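I opened this notebook to keep track of what I looked up, one entry at a time.

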Amino acid sequence: MDAFLTDVQSSPFCDEQEWQGLDGDGLAELYNKSITVLLDHQVPVQHITCRRRLTSTWFDDDCRKAKRTLRSTEKAARRTGPLSDTNSPAVVAWRTQRRQYYDLLRQKRSDFWTTRVDAQQSQPSRLWRSFDELLGRGRIPPSTEISASDLHSFFDNKVAAVRAATAKANAPYFTSAPLGCVLRLFSAVTPADVVSLVKALPDKQCASDPLPTWLLKKCVHVIDPFLCHLFNWSLEHGSVPSSFKSAYITPLLKKTDLDPADVKSYQPISNLTIVSKLLERLVSLQLVKYLKDNNLLPDLQSAYRAMHSTETAVLKVLSDILLALDSGNLVMLTLLDLSAAFDSVDHDTLLKRLHTSYGLSGQVINWFASYLSGRVQHVRISATSSTPSVVLYGIPQGSVLGPILFLCTPPIYCSL
């Protein structure tokens, strides 16, 4: 780690003359190229053959040490004779060690899950993922009977079918933003803002990331001026680097009980680089603050907002039903399911709504136009990939800005 940090300090990241005159695409390319050079120097590429074996998340160093001790004890017992010889001291030692090892595993497993569940009491989404993992209801890999190209074609055709089915619908209408609600420029970000966002990232990344997230956290205090300059350039010029708009899609089953061999069972999740998500996070923080300060978000909207979970939606609906029944009225609940909701959002309609109904203009609306245009994606399954295609509609699922932009898309919010 010390050697890596030393190399980072002597890299272009710490020499402003290397990147002061570059545009957004040049800065993004410099980041990817420099990180690749640094990592190749520290950990050169090697081709090895290894056997993949899944290890439980609670299996720590204590368990590994106990397992090695158990194996050594077992080998010593086998050298003295069969393991069925209960009179052999070596066999007795092995049996005792095995019992202690299994007791340790049970204790580690119990402590791990108890601690995780207790820590996630106030985080329902993470708690349910932990339950799924504990009960063995994890993600099911895509079937080998379908290819990446098949799924890519299905996702594109589904969006085309939804848009064709609604082609004769009435033109969207736009309400005007309240007087004085205007957002023309983004505020400049500071290196401290970048560091705080990086430190708050979960330790995960996608295959497109040149630098693992945990390593980015270790060296962010060295490269934060460069990242800050990259982000400020994008915000100031209203332009998103092209490499930040390239994603690969991971197809995930909508439900675990669906047929994995049917393309209709999958939904597309976009995988974007950590640096592109950091830029989105910076924009999202300023956009959400503007919307909240001007009371532009609907009061009854649940999901995709802090303190507005599906739990609050259920409580609101249940309260309305009980109040209606107590008043002697009949109750009917109407539910609407939008097909390919995120993927079929029209870019022109969204940009016009952001400008007309939410007061975004100037470099801010230019930034969102750049963010939505020129996006490229392909489907990746194991080692196979489909041919990349340009995204003409939709906002990427798996992005930071996707949910908040989706909230700004519908023309009307109502409570039945």
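I began with H13, where I found Val364, Ile365, Trp367, Phe368, Ser370, Tyr371 and Leu372 to be buried, buried meaning under 20% relative accessible area with a 1.4 Å probe and protein chains only. I noted that helices here are DSSP runs of H or I with at least four residues, numbered from the N terminus. This is a predicted model, in which local features need pLDDT of at least 70 and side-chain atom pairs count only at pLDDT 80 or more, while totals for chains, interfaces and linings use all residues. Residues are numbered from 1 along each chain as its sequence is written, and side-chain values use heavy atoms, with hydrogens and water left out.

I then looked up what covers the buried residues of H13, and the cover includes H9, H10, helix H12 (347-356) and helix H14 (402-407). Just after H13, I saw that Gly374 takes a positive phi of about 70°.

**The cavity**

How many cavities of 30 Å³ or more does a search of the whole structure find? I got 1, a cavity being a set of points on a 1 Å grid over the protein atoms alone where a 1.4 Å probe fits but cannot get out, with lining residues having an atom within 4 Å of a point. The largest cavity holds about 30 Å³ of space, the volume being the space filled by probe spheres set on grid points that are joined across faces, edges and corners.

I listed its lining as Val240, Phe244, Ser276, Leu279, Glu280, Trp367 and Tyr371. Helix H10 (274-293) and helix H13 (362-372) each supply at least two residues of this lining, and H10 gives the most, with 3 residues.

**Helix H9**

I recorded Asn232 as buried, because its relative accessible area is 18%. Leaving aside neighbours within four places in sequence, Asn232 is in contact with Ala188 and Val189, contact meaning heavy atoms within 4.5 Å.

Last, I checked helix H1 (residues 2-9), whose axis comes within 10 Å of that of H9 and crosses it at roughly 35°; axes are lines fitted to C-alpha atoms, for helices over the stretch in contact, and angles run from 0 to 180 degrees between N-to-C directions. Where they meet, I noted Phe4, Leu5, Val8 and Gln9 in H1, and Leu215, Lys218, Cys219, His221, Val222 and Ile223 in H9.

Note on methods
Buried < 20%, exposed > 50% of the residue type's maximum accessible area, 1.4 Å probe, protein only. 1 Å grid on protein atoms, 1.4 Å probe; cavity = no way out; pocket = protein on both sides within 12 Å on 5 of 7 lines; lining within 4 Å.
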